[in-house]
Amino acid sequence: MRKIVFILLSVTFSFGAWSQVDVTHVPEVGPEKGREYMRRRAPAPASSRRPASLPGPTGPRYLSLHVGGFIDQDVYRWGDRDNQDVGQLNTGVSYKVGEWTQAMDLLFRADFTTFHLLERRALKMSLLPVVTFPDSGSQFPLYFGAGAGLGVFFKQAPGFSSLSLDYQILAGARFFDVFQGAGLMFEGGLKNHVHLFSKGQHNGIFFTAGTVFRF
């Protein structure tokens, strides 16, 4: 009888211990817990480190310097009839004073040109607005343009006008940021002038090279 009672008590206590649940380990469920679980399992975002971008040639200001001469030229009724190939050195500066966005630039150009006449040497400064396209902001290497303005002779052959009407037709290539903010430019075309208060005219095909800046 004692053996039977002992066996029944052992089975009862064993079943009670096996049926106990540790509530401290019951997982919590619900939408918030699901989202938190997904956040924990999501991979870490990739590093957002990027090299600092270097400033490109995107400044609104545009300036170029050029120097060159004439490849071919004609002289009409200016000084002695034997005056030929009188155009010598041509230097100048161009600065952007306005623009048509994504279209064209308006430049102010000052040119200095020396002439070697039989009578004497002449020196002329040309002041003229020049329209070029496409705009420099496009960074397109080729450009085309035209302009007209006033020419002022600091030195002139006797008996000829000190003022002239100057006009230019040009085409060129420009390459920005070749040397840390400075670039290169090459330009060619026609540079002509007609004396305003006397006879005389000069037509020349020119070529210049120089530097270009955007800042």
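Modeller: Strands are DSSP runs (E, at least two residues), numbered from the N terminus, and two strands pair if DSSP finds at least two bridges between them. This is a predicted model, in which local features need pLDDT of at least 70 and side-chain atom pairs count only at pLDDT 80 or more, while totals for chains, interfaces and linings use all residues. Residues are numbered from 1 along each chain as its sequence is written, and side-chain values use heavy atoms, with hydrogens and water left out.

Eight strands, in the order β1-β2-β3-β4-β5-β6-β7-β8, close into a barrel with antiparallel pairing. Within it, strand β2 (residues 87–100) pairs with strand β3 (residues 104–116) over eleven bridges, and G92 stands opposite D111 in β3.

D111 also forms a salt bridge (a side-chain nitrogen of Lys or Arg within 4 Å of a carboxyl oxygen of Asp or Glu) with K191, the closest N and O atoms being 2.8 Å apart. Because D111 lies in strand β3 and K191 in strand β7 (residues 182–195), this pair ties together parts that are 80 residues apart in sequence. Both D111 and K191 are buried, where buried means under 20% relative accessible area, exposed over 50% and partly exposed in between (1.4 Å probe, protein chains only).

The whole structure contains four salt bridges. Another of them joins D166 and K124 at 2.7 Å, N to O; since D166 belongs to strand β6 (residues 163–179) and K124 to strand β4 (residues 121–133), the pair links parts 42 residues apart in sequence. D166 and K124 are buried.

Methods
Helices (H or I, at least four residues) and strands (E, at least two) are DSSP runs, numbered from the N terminus.
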